[in-house]
Amino acid sequence: MKSIITSASLLLFSFYAAFAQVDPSTVTIKTTAVVENVYMLEGSGGNIMIAISDDETLMVDSQFAPLSNKIKKAISALTSNPITYLINTHHHGDHTGGNENFNSDETTLIAQKNVLKRLTSQGKSPGYLPEITLDEEIKLSLPEDENIMVVHVHNAHTDGDSFVYFMDKNVIHMGDVFFNGAYPFIDLNSGGSIDGYIAAQLLILNTINEDTRIIPGHGKLATIDDLKYSINMLKDLRAAIQLAISRNNSLEQVASNTELTKRYDDLGYGTGFINSKNIRSTIYESLTNPNTDK
Ligand SMILES: [Zn+2]
């Protein structure tokens, strides 16, 4: 177990250390229209979704606190409505760091119950914490969107992931259950697992349709074909690494075996936050010490 804790902690450390080196004043918030009254905001950290109705705004994820003023400015260019719902897809700081800055008296902060548990254990102040938690799913409605589903997926990127699906607008925010065009970070130290990650992507694939617009946790706006590609890639890597485990290969052998991931490395999949060695060792560790809450 020690090796899992060490590698996951190092990954998180390197991520936040990398952000600490980024001067927030150099970050630009990019706004992309997804469908009418729904936008994706990119800055540094997880992608944000903004959905606007007559007199309300729903926000998914809040990036890092030092970027909040820039994000508020980008939102004010779209609407002057108050943020009535802020949903966190999971607990990581690049998705929740701005929570307190967006959480006014008019805002209800929502996340899966394990997000509350983890943020509380980190000593976060009340304004940072979810006020409503879900176990499996919760349904929300705005005047123009009566069918908004927040659905928990088990042991995927963490143990507290939810996706947010606007059924009428046919837009989904997948949180970090999708890194479009890159190897995913599967946080084994926070309850994530390769099998849960693939199962979550399959569940979403079966929930959406060809016309759904997908906001990934990281990466560009995506389509169902991008999601299908991700599922096939992860199944492919899982099978190759399971075969290596069955042949008694060690973690070190799998971690250093570039042939296992070559096909995707050649397409640039290892150039993001998770490099090819990270994804090989993560899948190995997940298959040999699976996290499950069932
Ligand atoms: Zn994350």
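**Exercise 1.** At roughly what angle do the axes of helix α7 and helix α10 cross?

*Solution.* Start with the source: this is a predicted model, where local features need pLDDT of at least 70, side-chain atom pairs count only at pLDDT 80 or more, and totals for chains, interfaces and linings use all residues. Residues are numbered from 1 along each chain as its sequence is written.

Step 1. Two packed helices are described by the angle between their axes and the distance between the axes.

Step 2. Locate the helices (DSSP runs of H or I, at least four residues; strands are runs of E, at least two; both are numbered from the N terminus). Helix α7 covers residues 224-246 and helix α10 residues 276-288.

Step 3. Axes are lines fitted to C-alpha atoms, for helices over the stretch in contact, with angles from 0 to 180 degrees between N-to-C directions. The axes of α7 and α10 cross at roughly 65 degrees and come within 10 Å.

**Exercise 2.** Which residues of α7 and α10 make the contact?

*Solution.* Step 1. Contact requires C-beta atoms, placed from the backbone, within 7 Å.

Step 1. Helix α7 supplies Leu237, Arg238, Ile241, Gln242 and Ile245. From α10 come Ile279, Arg280, Ile283, Tyr284, Leu287 and Thr288.

**Exercise 3.** What is the strand order of the open sheet?

*Solution.* Step 1. Strands pair if DSSP finds at least two bridges between them.

Step 1. The seven strands run β1-β2-β3-β4-β5-β6-β7, with mixed pairing. The edge strands, β1 (30-35) and β7 (132-134), each pair on one side only.

Notes:
Contact = placed C-beta atoms within 7 Å.
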